[in-house]
Amino acid sequence: MNAPKEQVIKMYAAREEIYPREIAGRYARLRWLFVWLTQLAFYCTPWLQWNGRQALLFDLGTRKFYIFGLVLWPQDFIYLALLLIICAYLLFLATAIAGRVWCGFACPQTVYTEIFLWIERKIEGKRSARIALDRQPASLRKFGKKSAKHAAWLAVALWTGFTFVGYFTPIKSLMGEVVTLSFGPWEWFWVVFYSFATYGNAGWMREQVCKYMCPYARFQSSMFDRDTLIITYDSARGEPRSPLSKNGNGDGGSCIDCSLCVQVCPTGIDIRNGLQYECIGCASCIDACNTVMDKTGQARGLIRYSTERAMDEHLTPTEIRRRTTRPRVQIYTAVLGLIVLAAGTSLYLRTPLKLDVIRDRGSMGREVEDGMIENVYRLQIMNTSEQAHVYKITVGGLDTLSVADADTVRVAATETRAYPVRLRVAHGAGHSGSNKINVTLTAVDQPSLQVKESAVFIVPH
């Protein structure tokens, strides 16, 4: 008796290569506009100069973040947290209004995929030529085209990785290290890591990042409602699908089942099957369908940006726009406005000077010459501005309290300085034990720049 044959059960489907077709149209132009804007900002910003230094620099070594005229220190971490919160609320607001518009037009994954696809088309040709090339057996011609494409991808990826590291290490010195081949280990690691991530994500993984790796694709539906703009297929107008006959007359719906909307989709979905989480909202299918409608003499908008409510209730564009200001959007906008206002006000009122008064715990209050009582302190002065200042030290809180040393100290721009100081009071001032005092630091050239801190003065029994 013959034994039954073994069956191989695959637990997952093998990935099918997607060859997005190039399409021209309003949304394709808009997407390329965002490619240019984001990449000009990304590649050019590290080279901008401000007050003799890099305008935007996150210097982790010195723990200072330079953002044009603003210098943030570790103590200012709250502002970075607020910046992240603002970005998150902007994303929530944009999603509530227009769905995954960020993913489709400005997300780095979309932007670099567009750049890498453009390179691929220039070297390997249009969609049909790329499919044919991949199906051909190995040859010198195929090897040459593939090598040229990957070399161009690697060049873009390496320059991207270099620019990314330039936000954390001054990019001019980084360029000098490139010329002299004197990269440090961390520079090497991050340049290679970010270059590899760009090359792998935009060149090889593409739609897999959006479909499987990006968490936003999984929870973005929770921010949708019936009035969120999404890419929709008008099935009432398009069905039943009917290919045009040779004389140009179709019998059925407006959709001629040309499948161009599928061919241009970077994630390979069919939007005619309804909204799917894989849809990144890039609107390539809208451009493709509008092109077909123009050629067949039909009205545009078979695939368009619309809302679930508009499709069900046949709302006009004006009625759709009115529902943009629904309560949910108003709440997002109000919260975002309050956070921005609070952050802006806090930054405007922020004093670019910080002071910590640390009493020397190694020595208690002691009696010195002339019957004076002396305590020793260390003033930790942080000048967070980009201008050097001379500060005057004044003290109060106890009668006869005075500074025994020089009462002025110079602190350079963006410098932290530890300055030892001795404070004295006459015998009999205050009471035995701890006495509350205050230390005030005032810029000599800018009296409005002032900070006050409390401390204690020990009077021995």
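According to the UniProt record, an unreviewed entry, the feature "transmembrane region" is placed at residues 30-50, 77-98, 151-168, 188-205 and 331-349. The structure examined here is a predicted model, and two of these annotated spans were examined for their secondary structure and end-to-end extent. Residues 151-168 are 83% helix and 0% strand, with their end C-alpha atoms lying 26 Å apart. Residues 331-349, by comparison, are 100% helix and 0% strand, and the end C-alpha atoms of this span are 27 Å apart.

Within helix H16, which comprises residues 327-349, is found Ala 343. With a relative accessible area of 9%, Ala 343 is buried, because a residue counts as buried under 20%. When neighbours within four places in sequence are left aside, Ala 343 is in contact with Tyr 79 and Leu 82. Ala 343 and Val 357 are 14 residues apart in sequence, and their C-alpha atoms are separated by 27 Å in space.

The structure holds 28 salt bridges in total. A network of such bridges links Glu 120, Glu 124, Arg 130, Asp 134, Lys 146, Lys 149 and Arg 206. One of the pairs is formed by the side chains of Lys 149 and Glu 124, which meet at 3.1 Å, N to O. This pair links distant parts of the chain, with Lys 149 in helix H6 (residues 140-165) and Glu 124 in helix H4 (residues 108-124), 25 residues apart. Both Lys 149 and Glu 124 are buried.

A further salt bridge joins the side chains of Asp 134 and Lys 146, with an N to O distance of 2.6 Å. Since Asp 134 lies in helix H5 (residues 127-135) and Lys 146 in helix H6, the pair ties together parts of the chain that are twelve residues apart in sequence. The two partners fall into separate accessibility classes: Asp 134, at 29% relative accessibility, counts as partly exposed, whereas Lys 146, at 19%, counts as buried.

Among the strands, four form an open sheet in the order E13-E11-E15-E16, with antiparallel pairing. Strand E13 (408-411) and strand E16 (450-459) stand at the edges of this sheet, each with a single partner strand, so that one side of each is left without a neighbour in the sheet. Neighbouring strands of the sheet are turned by 30° against each other on average, direction being ignored. Strand E11 (residues 389-396) and strand E15 (residues 433-443) run antiparallel and are joined by six bridges, and Ile 393 stands opposite Leu 441 in E15.

The largest nonpolar core contains 28 residues, of which Leu 379, Ile 381 and Phe 457 touch the most other members. The elements giving two or more residues to this core are strand E8 (353-359), strand E10 (372-383), E11, E13, strand E14 (416-426), E15 and E16. A second, separate core of 22 residues includes Phe 105, Ile 256, Cys 285 and Leu 302.

Definitions and conventions. Residues are numbered from 1 along each chain as its sequence is written. This is a predicted model: local features need pLDDT of at least 70, side-chain atom pairs count only at pLDDT 80 or more; totals for chains, interfaces and linings use all residues. Side-chain values use heavy atoms; hydrogens and water are left out. A salt bridge is a side-chain nitrogen of Lys or Arg within 4 Å of a carboxyl oxygen of Asp or Glu. Buried means under 20% relative accessible area, exposed over 50%, partly exposed in between (1.4 Å probe, protein chains only). Two strands pair if DSSP finds at least two bridges between them. Axes are lines fitted to C-alpha atoms, for helices over the stretch in contact, and angles run from 0 to 180 degrees between N-to-C directions. A nonpolar core is a set of buried Ala, Val, Leu, Ile, Met, Phe, Trp, Tyr and Cys residues joined through side-chain atoms within 4.5 Å. UniProt positions are given in the numbering used here, feature names are shortened, and annotations may be inferred rather than shown by experiment. Contact means heavy atoms within 4.5 Å.
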